[in-house]
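Try each task yourself before reading the solution.

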Amino acid sequence: MKIAVVGSGTMGNGIAHAFAQHGYVVNLIDINAESLEKALLTITKNLDRQVSKGVINEAEKESTLENITTFTHLSDGVVDADLIVEAATENLALKLKIFKDLDQFAKPAAILATNTSSISITQIASVTNRSHQVIGMHFMNPVPVMKLVEVIRGYATSDQTTETVMDLSKKLAKIPVEVNDYPGFIANRILMPMINEAIYSLYEGVAGVNEIDQVMKLGMAHPMGPLQLADFIGLDVCLAILKVLQDGFGNPKYAPCPLLVNMVMAGKNGVKSGEGFYNYSNGMKDSPVARKFLGNN
């Protein structure tokens with residue numbers, strides 16, 4: 001089976017890494033050649049880390065890299081793929097455009113999967129002529145490490161497509177969990193309201209950034225506090241998912257905290273921007289930006 005991954009960002013390069021490491025030939029596609037170069041450097045660095053920890057050996061590292069070929073044109077990268085995993089930005093219009101193109105360029109038998117963390121699989125499938133072959137394949141970050149794959153069935157997704165993706169996930173040494181197509185699925189329907197409530201607790205002055213995270217780590221045995229996790233995910237991504245939940249359910253309980261909105265507007269998106277609830281420019285320290293937007297609260 002040949003794999004194509006569309007998008008070479010954090011999730012895309014992680015998905016390509018995972019497939020290639022398990023012996024699959026992978027076409028990694030991005031319209032930006034510089035992004036592809038950066039992705040290969042990231043994959044190499046992550047493989048080096050696995051070698052240093054004894055997870056893989058040097059020969060396995062080299063074979064993994066040899067399994068990955070990069071493309072800047074979608075049509076060239078997907079033409080012979082059996083499974084295509086879209087891992088572009090969490091933007092509905094962009095995903096719909098990509099899936100229209102995938103339906104045109106991919107061979108008829110190809111399965112089209114999306115790594116979306118919240119957007120309707122049924123809606124994405126509606127722009128194709130193969131709704132039964134469209135499915136959600138939501139990997140967790142960092143992909144080479146995290147075991148879960150949330151497999152989301154759209155309204156028309158066939159049993160055969162679902163079984164194929166479930167089996168394939170197991171071959172990647174992952175644990176697939178099948179869920180149905182409702183806003184946020186399971187992972188983010190539960191996680192994002194918790195993160196949003198943590199942000200509201202900061203916004204309302206209940207406790208500081210470190211204190212909120214410490215309570216959840218020490219009291220609830222979470223490996224990472226909700227504000228640190230939000231930084232890791234990306235505050236812009238958290239905001240986008242909360243908007244999907246709010247629009248999908250029409251319930252004000254999913255309304256994103258104004259502090260989150262302001263931080264994203266200010267470009268403080270967490271680890272990837274160097275600052276969010278923490279400042280990452282020199283280690284990890286409490287960031288003044290969280291307090292900056294507290295206003296009169």
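**Exercise 1.** Find the salt-bridge partner of Asp236 and state which parts of the chain the pair links.

*Solution.* Bear in mind that this is a predicted model. Start from Asp236: its salt-bridge partner is Lys272, and the closest N and O atoms are 2.9 Å apart. Asp236 sits in helix H11, while Lys272 belongs to the loop between helix H12 (258-265) and strand E9 (278-279). The two are 36 residues apart, so the pair links distant parts of the chain. Finally, check accessibility. Asp236 has a relative accessible area of 27% and is therefore partly exposed, whereas Lys272 counts as exposed because its value is 54%.

**Exercise 2.** Compare the placement of two further salt bridges, Asp80 with Lys2 and Lys97 with Asp101.

*Solution.* Take Asp80 and Lys2 to begin with: their closest N and O atoms are 2.8 Å apart.

Now turn to Lys97 and Asp101, where the closest N and O atoms are 2.5 Å apart. Here both residues lie in helix H5 (residues 92-105), four residues apart, which is about one turn of the helix. Lys97 is partly exposed at 48% relative accessibility. Asp101 has 17%, and since buried means under 20%, Asp101 counts as buried.

To put these pairs in context, a search of the whole structure finds twelve salt bridges. Asp48, Glu58 and Lys61 are linked in a network of them.

**Exercise 3.** Which two domains make up the protein, and how many salt bridges are counted between them?

*Solution.* First, the bounds: domain 1 covers 3-180 and domain 2 covers 187-290. Their centres, taken over C-alpha atoms, are separated by 26 Å. Then look at the interface. Eight residues of domain 1 are in contact with six residues of domain 2, and the area buried between the domains is about 560 Å². Carbon and sulfur atoms give 61% of that area. The salt-bridge count between domain 1 and domain 2 is zero.

In the model, residues 2-181 are 43% helix and 22% strand, with end C-alpha atoms 26 Å apart. Residues 184-280 are 62% helix and 2% strand, and their end C-alpha atoms are 28 Å apart.

**Exercise 4.** Locate the largest nonpolar core and trace the contacts of Phe139.

*Solution.* The largest nonpolar core has 32 residues. Those with the most contacts inside it are Ile3, Ile15, Phe19, Val26, Leu83, Met137 and Phe139. Helix H1 (residues 10-21) supplies the largest share of this core, six residues. For Phe139, set aside the neighbours within four places in sequence; what remains in contact is Met11, Ile15, Phe19, Asn115, Leu148, Val149 and Leu172. Apart from this core lies another, of 24 residues, and among them are Met192, Ile195, Cys238 and Leu260.

**Exercise 5.** Inspect the backbone at Pro142, Ala173 and Ala221.

*Solution.* The peptide bond from Asn141 to Pro142 is cis, with omega near 0 degrees, and Pro142 is in the loop between strand E6 (134-139) and strand E7 (148-153).

Then check phi. Ala173 has a positive value near 65 degrees and is in the loop between helix H7 (159-171) and strand E8 (175-180). Ala221 has a positive phi of about 60 degrees and lies in the loop between helix H9 (209-220) and helix H10 (226-233). As for accessibility, Ala173 counts as partly exposed because its value is 38%, while Ala221, at 64%, is exposed.

Key. Residues are numbered from 1 along each chain as its sequence is written. This is a predicted model: local features need pLDDT of at least 70, side-chain atom pairs count only at pLDDT 80 or more; totals for chains, interfaces and linings use all residues. Side-chain values use heavy atoms; hydrogens and water are left out. A nonpolar core is a set of buried Ala, Val, Leu, Ile, Met, Phe, Trp, Tyr and Cys residues joined through side-chain atoms within 4.5 Å. Buried means under 20% relative accessible area, exposed over 50%, partly exposed in between (1.4 Å probe, protein chains only). Contact means heavy atoms within 4.5 Å. Domain bounds come from an automatic or database domain assignment. Buried area is the accessible area (1.4 Å probe) that two parts lose on being put together, summed over both. A salt bridge is a side-chain nitrogen of Lys or Arg within 4 Å of a carboxyl oxygen of Asp or Glu.
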